[in-house]
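User: I am new to this structure and would like to learn how to read it. Can we go through it feature by feature?

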Amino acid sequence: CSTYTNKGKDTCSAHLIHKDKLVEIVTEELKAFAVMAKKDQKGLLERIKSSNDNFQSSKKILLSNKLHKNEERVAKLQERLISAFEDKCEGVIEMDTYRMLESKFKKEIASLNDENKTMKVDLKQCTDTEQSAALWLKRLIRFVSFKELTREMLVELIDKIEVWERVPIDNHYHQRIRIYYRFIGAIENITKKSEVIYNKAI
């Protein structure tokens with residue numbers, strides 16, 4: 001990798017991988033996706049969603065419910081702030097009491113608004129990622145019957161590939177890789193094509 005090349009072995013290991021092995025595992029991965037897409041596009045989309053936290057429907061429901069609850073609380077606090085102001089004007093409460101209530105209500109309102117802003121970003125990310133997954137699947141369909149990897153496929157479908165260092169297990173070298181697809185990131189536990197095994201005894 002570039003870190004090893006630029007800074008040497010004291011900073012990063014070489015974690016090399018044979019080109020033919022990498023091409024083989026990426027090809028098998030994409031072919032597995034292509035077969036799934038050909039048989040059941042909707043099912044594959046759901047499996048992609050379930051493999052990524054951004055797609056979890058429970059998370060979206062939780063965020064939506066929490067946001068709604070917070071917005072109701074903000075509205076209630078604003079009503080209480082107005083009521084306290086009216087009580088102050090009518091002499092029902094002292095100025096010091098009003099100022100204490102004003103500070104308390106405004107502080108909670110600001111805190112809730114900050115939290116709501118973050119949750120709205122998270123909800124938008126969920127929606128955007130769903131659309132991105134559909135876009136990625138649409139691109140995959142174009143190559144559903146491919147036989148060999150092409151540069152166009154890699155550019156269209158894959159963002160980057162992480163390669164781990166080789167680890168000796170049972171007299172062979174095992175090496176993990178993780179493929180990050182464009183728009184949707186790494187997809188785990190679907191095709192199981194995530195490890196290279198070198199049949200060379202240690």
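Analyst: Let us start with one residue. T27 is found in helix α2. The model is predicted.

User: Is T27 buried or exposed?

Analyst: T27 has a relative accessible area of 12%. The cut-off for buried is under 20%, so T27 counts as buried.

User: Which residues does T27 touch, leaving aside its neighbours within four places in sequence?

Analyst: With those neighbours set aside, T27 is in contact with F146 and L149. F146 also has a charge over its ring. The charged end of K31 sits there, 5.9 Å from the ring centre.

User: Which other ring has the charged end of a lysine over it?

Analyst: Look at Y98. The charged end of K88 sits over its ring, 5.3 Å from the centre.

User: Let me step back. How many helices and strands are in the chain?

Analyst: The chain has six helices and five strands. Along the sequence the pattern reads α-α-α-α-α-α-β-β-β-β-β.

User: What share of the residues is buried?

Analyst: The chain has 202 residues, and 30% of them are buried. Contacts can be read by sequence separation too. Take the contacts with a separation of 6 or more: 63% of them come from residues 24 or more positions apart.

User: Now helix packing. At what angle do α2 and α3 pack?

Analyst: Helix α2 covers residues 19-39 and helix α3 covers residues 41-50. They pack at about 130°, and their axes are 5 Å apart. That angle makes α2 oblique to α3.

User: Which residues make that contact?

Analyst: From α2 come F33, M36, A37 and K39. From α3 come Q41, L44 and R47. By class, the contact has four nonpolar residues, one polar and two charged.

User: How do I read a pair of aromatic rings?

Analyst: A pair of rings is described by two values: the distance of the centres and the angle of the planes. A search of the whole structure finds four aromatic pairs. One of them joins F33 and W136. Their ring centres are 5.4 Å apart and their planes stand at 85°, so this pair is edge-to-face.

User: Where do F33 and W136 lie?

Analyst: F33 is in helix α2, while W136 is in helix α5 (residues 95-142). The pair therefore ties together parts that are 103 residues apart in sequence.

User: Are F33 and W136 buried or exposed?

Analyst: F33 is buried, and W136 is buried as well.

User: Where does I158 sit?

Analyst: I158 is in strand β1, which covers residues 158-163. Its relative accessible area is 10%, so I158 is buried.

User: Which residues does I158 touch, not counting those up to four places away in sequence?

Analyst: I158 touches V26, L30, M153, I179, Y180, Y181 and R182. For a C-alpha distance, take I158 and A186. They are 28 residues apart along the chain, and their C-alpha atoms are separated by 9.7 Å.

User: One last residue. What is the relative accessible area of K76?

Analyst: K76 has a value of 46%, so K76 is partly exposed. K76 is found in helix α4 (residues 57-89).

Conventions
Residues are numbered from 1 along each chain as its sequence is written. This is a predicted model: local features need pLDDT of at least 70, side-chain atom pairs count only at pLDDT 80 or more; totals for chains, interfaces and linings use all residues. Side-chain values use heavy atoms; hydrogens and water are left out. Axes are lines fitted to C-alpha atoms, for helices over the stretch in contact, and angles run from 0 to 180 degrees between N-to-C directions. Helices (H or I, at least four residues) and strands (E, at least two) are DSSP runs, numbered from the N terminus. Angles under 35 degrees count as roughly parallel, over 145 as roughly antiparallel, 65 to 115 as roughly perpendicular and the rest as oblique. Contact means heavy atoms within 4.5 Å. Ala, Val, Leu, Ile, Met, Phe, Trp, Tyr, Cys and Pro count as nonpolar, Asp, Glu, Lys and Arg as charged, and the others, Gly among them, as polar. Rings of Phe, Tyr and Trp (its six-membered ring) pair if their centres lie within 6.5 Å; planes under 30 degrees apart count as stacked, over 60 as edge-to-face and the rest as tilted. Buried means under 20% relative accessible area, exposed over 50%, partly exposed in between (1.4 Å probe, protein chains only). A charge sits over a ring if NZ of Lys or CZ of Arg is within 6 Å of the ring centre and within 35 degrees of the ring normal.
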